[in-house]
Amino acid sequence: MIRNALGIGVATGAYGLSFGAISSGAGLSVLQSCVLSLAMFTGASQFAFVAVVGGGGNPFAGTATAVLLGARNALYGLRLSSLLGLRRRARPVAAHLVIDESAAMTLATESYRSGRLGFWATGLAVFVLWNTATLIGAVAAHALPGPKELGLDAAVPAAFLALLAPRLVSRRLWLVATTAAATGLVSVPFVPAGVPVLLGALVAVVMGARPPPPGGATGGSG
Amino acid sequence: MLWGAIAAGAIGCYLLKLAGLSLPRGVLQDRRVGSVAALVPVALLATLIATQTFSTGHHLTVDARAGGLGTAAAAQLLRAPFLVVVTLAAVAAALIRLAG
């Protein structure tokens, strides 16, 4: 279990390197990149935030995008709370570690004990390696030439693609993805930077308000 | 302003995590909540990919980033690891710019 947790930690560490580099490319300082990783600590939201800021959007449009993406962590928490049996005082600490990886490790195990161990081991391993890697990536990118010469602007959508691909497990999810992407693109010339992404999210709300029959699409964990 | 947005985002994301651990499970039983919550990440990620690749400011464009995204998609289809997908996209875009 501990070895699995460390393995996941190392994998997300690699991902943290790219976050640090992309964040620097978007114009954030090393300190700002590191504070995002320490305090926000949820990868997809962080990538989305720096993408909106780097694209010239209002930083608070970045905030809205990040928080919307972070909503899935609330769903993980709902499923985790009974499995973890947390004391009141442990809850605020545990909450910070509720992310894709720790939720997946906990929900994948069968027993109460290994589930708890999986949660804490994975959460802490990812936290340490993610933050270390962010610092290294951010410092390295600041020492190198401009973000465009390195192709860092193309690395951002590639990172989102790698996050999205495993979620596209049904036709309905493909339909949502393509409709949202088209809506966002069409709106680009007409609305302030950062807003097209929020319009894309609106597509999910409209389409999600009419749920498919039970047993249909789910796309939560990753 | 950037610091304010970072703080607001971090607080918002943390409160969502805490709410998940604190709220009664019944909230999940509402199928609409579950359905919207499952679709939002997909819609957001897809929109981010599209706008980050095909727009500059208020203009729709096709440039080296599209080549990068195509490379990433191919790598993803071959089940390459995350860092490989991202690095190949960056290298492809940088090479296209060098050639152009």
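This is a predicted model: local features need pLDDT of at least 70, side-chain atom pairs count only at pLDDT 80 or more; totals for chains, interfaces and linings use all residues.

Residues are numbered from 1 along each chain as its sequence is written, and chains are lettered from A and ligands numbered from 1 in the order in which they are written.

**Chain B: overall form**

- Chain B contains four helices and two strands; helices (H or I, at least four residues) and strands (E, at least two) are DSSP runs, numbered from the N terminus.
- The order of these elements along the sequence of chain B is α-α-β-β-α-α.
- The radius of gyration of chain B is 19 Å, whereas a compact globule of 100 residues would have one near 13 Å; the radius is taken over C-alpha atoms, and the globule rule is 2.2 Å times the number of residues to the power 0.38.
- The C-alpha trace of chain B spans about 55 × 40 × 25 Å along its principal axes.
- The domain assignment divides chain B into domain 1 (1-58) and domain 2 (62-100), with bounds that come from an automatic or database assignment.
- The centres of domain 1 and domain 2 of chain B, taken over C-alpha atoms, are 26 Å apart.

**Chain B: burial and helix H4**

- Of the 100 residues of chain B, 49% count as buried, that is, with 20 or more other C-beta atoms within 10 Å of their own; 12 or fewer make a residue exposed, values in between partly exposed, and C-beta atoms are placed from the backbone.
- Buried residues of H4(B) include B:Val85, B:Val86, B:Thr87 and B:Leu88.
- The cover over the buried residues of H4(B) includes helix H1 (2-25) and helix H8 (152-164) of chain A, together with H3 of chain B.

**Interface between the chains**

- In total, 64 residues of chain B are in contact with 88 residues of chain A, where contact requires C-beta atoms, placed from the backbone, within 7 Å.
- Helix H1 (2-22), helix H2 (31-54), helix H3 (64-77) and helix H4 (82-99) of chain B each give two or more residues to the side that touches chain A.
- H2(B) provides the largest share of that side, 22 residues.
- By class, the side of chain B that touches chain A has 45 nonpolar, 14 polar and five charged residues; Ala, Val, Leu, Ile, Met, Phe, Trp, Tyr, Cys and Pro count as nonpolar, Asp, Glu, Lys and Arg as charged, and the others, Gly among them, as polar.

**Chain A: domains**

- Chain A is assigned domain 1 (2-166) and domain 2 (168-222), whose centres over C-alpha atoms are 22 Å apart.
- Their contact takes 18 residues from domain 1 of chain A and 12 residues from domain 2 of chain A.

**A:Ile136**

- A:Ile136 lies in helix H7 (residues 112-143) of chain A.
- A:Ile136 counts as partly exposed because it has 15 C-beta neighbours inside 10 Å.
- Apart from neighbours within four places in sequence, A:Ile136 is in contact with A:Leu17 and A:Gly20.

Note on methods:
Two residues are in contact if their C-beta atoms, placed from the backbone, lie within 7 Å.
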